[in-house]
Amino acid sequence: MQKLSIHGGVPLSGEVRVAGAKNAALPILTAALLSASPLRIANVPNLNDVRTMIQLLQRMGVKARRDQRGIDLDASSVTDPVAPYELVKTMRASVLALGPLTARFGEARVSLPGGCAIGERPVDLHIKGLEAMGAEVSIDAGYIHARAKRLKGARVFMDTVTVTGTENLMMAASLAEGETVLENAAREPEVVDLARCLIAMGARIRGHGTDEIVVEGVERLNGADYTVMADRIEAGTFLAAAAATGGSVTLTHAPVESLDAIIDKLREAGAEVKTSGDTVRLAMPRRARSVSVRTAPYPGFPTDMQAQFIALNCVAEGTAFVTETIFENRFMHVQELRRLGARIEIEGNTAFVHGVDRLAGARVMATDLRASASLVIAGLVAEGETVIDRIYHLDRGYERIEERLGRLGARIARVS
Ligand code: UD1
């Protein structure tokens, strides 16, 4: 199995281009199911999760072709509207096929996602929304089975803000008869990016980016040519890594307008951050000060950056409180960071991170995608060698990370 070896202690320095957003690309790929005409998608990151999603679509009968510029998807002849267990268990986002399949083909069978490394993560709100639109939904042999002759517009209130839930229902509503109102909708930039793609396909959507999304269903959607937004979590991870190592980096093609919560906290930590157009420059001239964060739905501080900020706080001056409000079991990285010498206590959903003067390399294990990113950051700071096991978690969300960090001066290599 592949591992990542890092010899820490080098301040990151240089320029890096931010890749396309994984969490925007995944729903946009499933949007191809909504139309019989081809969808061309550019700026799709080359990641394991993206490959899994393409495999899933191909199993349903979607033709997919990838070239230098992007991916062409043709869902004119879908033969099997099923998302099987083997694929859903490796990637929960497969549940995004549920809404489009039900809306366009009147039927979907999607394996019920189980628990995952970061918590239980139910999909009850996806199901409740489809039922409100008139689908008959049953759970049978571990599969969600949804049927509807044609979905009907409805008012759907989601009592928890759910990103993929909002996306699933927005896609379903695009082909429903009449108007759907999604209340307490997720405002994440990736939801907005999906809405823009759907609008390019002919959907009638307004209110995306607010907590009330209104969708006027249409009979059919067209193909389109769409470019996926840049990845704010990847951008945030590079910035946190630069700050933790006392470095100085420039991000290009960055989704600057969606980085406010992250940049705000980096400034609080003492970083000098300047933005202009789609470029972000960060310099960390001193040891970071500890920064407390509390995760929240957008525009709050993203749960997908919580682990990376714990890593930054591990070597900062002072004590930080990091509170996780979205997922109930998202501190798996803490015990691995302790192996590098971090001083962290957990009480309920808050981690108390006491900054230490130095971390020391050790062998650690990645437990989920963002946990693995925090281990990379800690490894970049630690003295001596850090070896990270199970980096397939990292490959789900970061493209050629060792090459790109290597170009910023990091001593990092993939080893077998
Ligand atoms: C998405 C992101 C993930 C991010 C998360 C929160 C993708 C592919 N993944 O995941 O990277 O960490 O948003 O920003 O975009 N919930 C319910 N019932 C439901 C659905 C969700 O109770 O039917 C709860 C979840 O258990 C969780 C909270 O809602 O506590 C938010 O989860 P949700 O926004 O749905 O996360 P995902 O869309 O799975």
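Biologist: What volume does the second largest cavity have?
Modeller: About 30 Å³. Keep in mind that this is a predicted model.
Biologist: Which residues line the second largest cavity?
Modeller: Ala 21, Lys 22, Asn 23, Glu 190, Asp 231, Ile 233 and Arg 370. By class, the lining splits into two nonpolar, one polar and four charged residues.
Biologist: How many cavities of 30 Å³ or more does the structure hold?
Modeller: Two. The largest cavity takes in about 80 Å³ of space.
Biologist: And which residues line the largest cavity?
Modeller: Glu 234, Thr 237, Phe 238 and Ala 241 are in the lining, along with Ala 373, Val 376 and Ile 377. Leu 394, Tyr 398, Ile 401 and Leu 405 complete the list.
Biologist: Which elements give two or more residues to that lining?
Modeller: Three helices do: α8 (232-244), α12 (369-381) and α14 (401-407). The largest share comes from α8, with four residues.
Biologist: How does the lining of the largest cavity divide by class?
Modeller: Nine residues are nonpolar, one is polar and one is charged.
Biologist: Helix packing next. At what angle do α10 and α11 pack?
Modeller: About 25°, with the axes 10 Å apart. Angles under 35 degrees count as roughly parallel, so α10 is roughly parallel to α11. For the ranges, α10 covers residues 306-314 and α11 covers residues 332-339.
Biologist: Is the crossing of α10 and α11 left-handed or right-handed?
Modeller: The crossing of α10 and α11 is right-handed.
Biologist: Which residues of α10 and α11 meet?
Modeller: From α10, Gln 306, Ala 307, Ile 310, Ala 311 and Cys 314. From α11, His 333, Val 334 and Leu 337. That contact has six nonpolar, two polar and no charged residues.
Biologist: What does α11 do with α12? How far apart are their axes?
Modeller: The axes of α11 and α12 are 9 Å apart, and the packing angle is about 20°. This pair is therefore roughly parallel too. α11 passes α12 in a right-handed crossing.
Biologist: Which residues meet between α11 and α12?
Modeller: His 333, Glu 336 and Leu 337 in α11 meet Ala 371, Ser 374, Leu 375 and Ala 378 in α12. By class, that contact holds four nonpolar, two polar and one charged residues. His 333 and Leu 337 are also among the α11 residues that meet α10.
Biologist: Now α6 and α7. At what angle do they pack?
Modeller: About 15°, with their axes 10 Å apart. That makes α6 roughly parallel to α7. The crossing of α6 and α7 is right-handed. α6 spans residues 163-174, and α7 spans residues 189-200.
Biologist: Which residues make the contact of α6 with α7?
Modeller: On α6, Val 163, Thr 166, Glu 167, Met 170, Met 171 and Ser 174. On α7, Glu 190, Val 191, Leu 194, Ala 195 and Leu 198. By class, the contact has seven nonpolar, two polar and two charged residues.
Biologist: Backbone check. Where is there a cis peptide bond?
Modeller: Between Tyr 298 and Pro 299, with omega about 10°. Pro 299 sits in the loop between β18 (293-294) and α10.
Biologist: Which residue other than glycine has a positive phi?
Modeller: Asn 184 has one, with phi near 60°.
Biologist: Where does Asn 184 lie?
Modeller: In the loop between β11 (179-183) and α7.

Conventions:
Residues are numbered from 1 along each chain as its sequence is written. This is a predicted model: local features need pLDDT of at least 70, side-chain atom pairs count only at pLDDT 80 or more; totals for chains, interfaces and linings use all residues. Side-chain values use heavy atoms; hydrogens and water are left out. On a 1 Å grid over the protein atoms alone, a cavity is a set of points where a 1.4 Å probe fits but cannot get out, and a pocket is an open set with protein on both sides within 12 Å along at least five of seven lines; lining residues have an atom within 4 Å of a point. Grid points are joined across faces, edges and corners, and a volume is the space filled by probe spheres set on the points. Ala, Val, Leu, Ile, Met, Phe, Trp, Tyr, Cys and Pro count as nonpolar, Asp, Glu, Lys and Arg as charged, and the others, Gly among them, as polar. Axes are lines fitted to C-alpha atoms, for helices over the stretch in contact, and angles run from 0 to 180 degrees between N-to-C directions. Angles under 35 degrees count as roughly parallel, over 145 as roughly antiparallel, 65 to 115 as roughly perpendicular and the rest as oblique. A crossing is left-handed if the near helix is turned anticlockwise from the far one by less than a right angle, and right-handed if clockwise. Contact means heavy atoms within 4.5 Å.
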